[in-house]
Amino acid sequence: MAKSPAQALRRILDSPGVHLGPSCFDALSAKLVERAGFDYCFTSGFSISAARLCMPDVGLISFGEMMDQGRQIIQAVSIPIIADGDNGYGNAMNVKRTIREAIRAGYAGIFLEDQVSPKACGHTRGRKVVPRDEAVMRIKAAIDARKESGSDIVIIARTDSRQAVSFDESLWRSQAFADVGADVLLIDALASREEMKAFCEIAPSVPKMANLLEGGGKTPILNPTELEEVGFKIAAYPLSLMGVSIRAMQNALISIKGGQIPSHGSIPTFEEIKEIVGFNSYYEEEKRYATKTDQVSSQNGVKNKSFNLRFFEDPNFHVLF
């Protein structure tokens with residue numbers, strides 16, 4: 001019997017070592033993550049907001065837009081996908097709907113944060129969090145929605161209180177999230193290796209997630225061995241794919257503006273692109289449904305084309321519009 005996406009993700013969480021997860025933003029980037037051999041993938045609200053709207057991740061992208069993007073991503077791959085659930089899009093009741101829709105979409109997991117609305121992006125200024133009791137009730141509501149749906153979606157409880165309040169507050173909230181049943185814990189914007197280690201020491205039976213913002217985030221970028229030593233189970237790289245995509249497009253545009261195509265090696269061949277997006281798989285599957293008419297049409301393509309040209313060149317042929 002095939003495992004559900006959530007079961008596949010739970011198997012990863014139960015396996016030894018630390019597991020690295022790039023963050024995708026559309027179906028193509030998710031497919032590339034899968035082809036690269038990763039066992040799972042995150043979605044990045046920052047990158048989806050950038051790719052879909054070219055707007056900052058400050059609560060401008062809607063619940064519906066995020067779910068629509070997620071469904072396209074999930075349909076493109078077979079690996080488990082973890083959703084960026086932002087702050088659940090409101091109070092505890094909104095959180096319950098967010099969880100139900102994430103389950104229907106086919107997500108394996110979802111992380112939820114304790115920010116106010118409108119939210120701010122992680123590692124940026126202006127972050128504010130809801131009171132403790134409301135933050136805990138959001139996670140409880142997510143757990144309840146999962147139970148009511150008969151699902152096993154993985155609930156990742158994230159707190160942004162390290163930056164908004166204090167490190168001690170983020171530890172308190174993480175422990176409280178674990179106490180109500182969160183599957184994985186995340187403190188965003190941890191500022192040192194010492195803080196990362198202290199975080200991993202609370203609620204020792206609950207896996208910890210690291211959010212490693214590339215290119216200037218507040219959290220130290222530890223290598224996989226260091227992450228495992230500190231105590232992390234999964235690690236997200238939220239901006240790598242979006243960042244290199246931006247730089248590659250900028251470089252390509254400079255080349256084209258200068259009258260050249262991008263340099264050899266910086267662009268895949270047409271055959272490689274076709275393979276990535278599924279042309280070859282499509283052609284193979286198409287053969288299963290070929291008819292005799294298709295075969296005759298294929299064999300006589302040149303003859304038919306010649307006939308059609310002579311037909312339209314006939315002076316006695318008229319087309320009425």
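By class, six nonpolar, three polar and one charged residues line the second largest cavity. This is a predicted model: local features need pLDDT of at least 70, side-chain atom pairs count only at pLDDT 80 or more, and totals for chains, interfaces and linings use all residues. Residues are numbered from 1 along each chain as its sequence is written, and side-chain values use heavy atoms, with hydrogens and water left out.

**Terms**
- On a 1 Å grid over the protein atoms alone, a cavity is a set of points where a 1.4 Å probe fits but cannot get out; a pocket is an open set with protein on both sides within 12 Å along at least five of seven lines; lining residues have an atom within 4 Å of a point.
- Ala, Val, Leu, Ile, Met, Phe, Trp, Tyr, Cys and Pro count as nonpolar, Asp, Glu, Lys and Arg as charged, and the others, Gly among them, as polar.

**Second largest cavity**
- The whole structure holds four cavities of 30 Å³ or more.

**Largest pocket**
- The volume of the largest pocket is about 700 Å³.
- It is lined by 22 residues, with Leu32, Ser245, Ala248, Ser266 and Pro268 nearest its centre.

How values were computed. Grid points are joined across faces, edges and corners, and a volume is the space filled by probe spheres set on the points.
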